[in-house]
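The sequence and structure come first.

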Amino acid sequence: MAARGFPYTDLKDFLAALERAGELRRVSVPVDPTLEISEVVTRTVRAGGPALLFERPTRGEMPVAINLFGTEKRMAMALGVDSLDEIGARIGALIKPELPVGWSGIREGLGKVMQLKSVPPRKVKTAPCQEVVYSGDDVDLNRLPGLQVWPGDGGIFHNYGLTHTKHPETGKRNLGLYRLQQHSRNTLGMHWQIHKDSTAHHAVAERLGERLPVAVAIGCDPVVSYAASAPLPSDIDEYLFAGFLRGERVEMVDCLTVPLQVPAHAQIVLEGYLEPGERLPEGPFGDHTGFYTPVEPFPVLHIETMTMQRNPVYHSIVTSKPPQEDHGLGKATERIFQPLLKLLIPDIVDYDLPAAGVFHNCAIVSIRKRYPKHAQKVMNAIWGAHLMSLTKLIVIVDADCDVHDYNEVAFRAFGNVDYARDLLLTEGPVDHLDHASYQQFWGGKVGVDATRKLPTEGYTRGWPEEMTMSPEVTSLVDKRWKEYGI
């Protein structure tokens, strides 16, 4: 069932819904965006607390909204459902069994979902995000209460800027979520990682010797904000996906100074360009890995125009060692994309991406094992599946193991494995931010086969039967439990 008032018109509409549901607290006292907000948010997240609206940040000219997605309940509210599994079920119900298996099947399946819902973005001529316009010397990023989250950070960062680019040759749009370091009143460092589509757009522009136009939207409606983080195939438009999730088309407006479109109901929009060949040091930055990422050269966004709503609200996020707010975003991706991963790899029964593994270091996968080395086949398939290729540890369990029960998974992984025979070691790409790999961008990976072993796999001892109580006794004790006085 959709949340009351869903789909939300904009960020303020979502904040109002959170407040009605008792999921938002206003902080009316002055709070410093340098470190203090971060510490307050981190404590709130780890206590399972509410979304926060800092009404009087001591830097910048507008309130700060944060921890909007920090629980599965709020993430479900953001997407207008009671449970995140509902969206995956909607997608699964629309994917036809005759679709081809493989990555092309995911593209075709997801594309078919979008076509069935017919929810492409809709262009409008005027938009709330352009009610106030600053250009030239009036552009000043210090109007925004950007955060310094950790003491060792290289300065102020804008952590929830939705970055829009377009392929210089094909015109294909991309929407991505990247951190943005504030270098000056009108320049930002663009930390887009090597595996991201915007990086490819920039590489083409540089090869052509052209500037790359960029538009950054801050404070969008929650569905668009989630869609920017979703690991979509490059030929699936994020705004088509957002329209599917919303159940209605996203309104877009032409930027004033660059040939791009942005969400009409964004709170703030930054318009500018990247000069070919230009780089500046970016970082350090305390990231979701729990460690500082080092200083590296990244492109520089020159902002020519800043537009915003009247009385805008600034949206950001705190990154740190888990648990942190991105748990909600990662869990939504896990549940929404489950049927598409199963389309690519039909052997999969279910999977879980633990937050402690920051959603790409570890995947727990259950299968119905049918033949020798079936688990190893699934491991290799996962390492060939789009951004699942970045997974460093894969644990394969039998279908009767609940992949979301980490105690049960650990019981299988610790007890069902002969580590001389049941590990698969390989090498491949890893996340740009991975600090453990001896070479940047690639490193070692391991698959753990924690399934029951078969005689055809060389296990000849006869796998033992796991102990379970008889259903009759379980039922008897259920009925008599109060009598025991325990």
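The sections below cover a cavity, a pocket and a nonpolar surface patch in this predicted model.

About 50 Å³ of space lies in the largest cavity.

The lining of the largest cavity is made up of His288, Ser320, Pro322, Pro323, Gln324, Asp326, His327, Ala355, Val358 and Phe359. By class, this lining divides into five nonpolar residues, four polar and one charged.

## The second largest pocket

The second largest pocket has a volume of about 270 Å³. Its lining comprises 16 residues, and those nearest the pocket centre are Asp418, Arg421, Asp422, Lys453 and Tyr459.

Charged residues account for eight of the lining of the second largest pocket, polar residues for five and nonpolar residues for three.

## A nonpolar surface patch

On the surface, Phe414, Tyr419 and Leu423 form a nonpolar patch. Together these three residues have about 340 Å² of accessible area.

Tyr419, one of the patch residues, lies in the loop that runs between α12 (406–415) and β22 (423–429). How exposed is Tyr419? The relative accessible area of Tyr419 is 45%, so the residue is classed as partly exposed, a class that spans the range between the 20% limit for buried and the 50% limit for exposed. Patch residues need over 30% relative accessible area, and Tyr419, at 45%, therefore passes that cut-off.

Key: Residues are numbered from 1 along each chain as its sequence is written. This is a predicted model: local features need pLDDT of at least 70, side-chain atom pairs count only at pLDDT 80 or more; totals for chains, interfaces and linings use all residues. Side-chain values use heavy atoms; hydrogens and water are left out. Patches are made of residues with over 30% relative accessible area and no salt bridge: like charges are joined within 9 Å, nonpolar side chains (Val, Leu, Ile, Met, Phe, Trp, Tyr) within 5 Å. Accessible areas come from the Shrake-Rupley method with a 1.4 Å probe; for residues, only the protein chains shown count as cover. A salt bridge is a side-chain nitrogen of Lys or Arg within 4 Å of a carboxyl oxygen of Asp or Glu. Helices (H or I, at least four residues) and strands (E, at least two) are DSSP runs, numbered from the N terminus. Buried means under 20% relative accessible area, exposed over 50%, partly exposed in between (1.4 Å probe, protein chains only). On a 1 Å grid over the protein atoms alone, a cavity is a set of points where a 1.4 Å probe fits but cannot get out, and a pocket is an open set with protein on both sides within 12 Å along at least five of seven lines; lining residues have an atom within 4 Å of a point. Grid points are joined across faces, edges and corners, and a volume is the space filled by probe spheres set on the points. Ala, Val, Leu, Ile, Met, Phe, Trp, Tyr, Cys and Pro count as nonpolar, Asp, Glu, Lys and Arg as charged, and the others, Gly among them, as polar.
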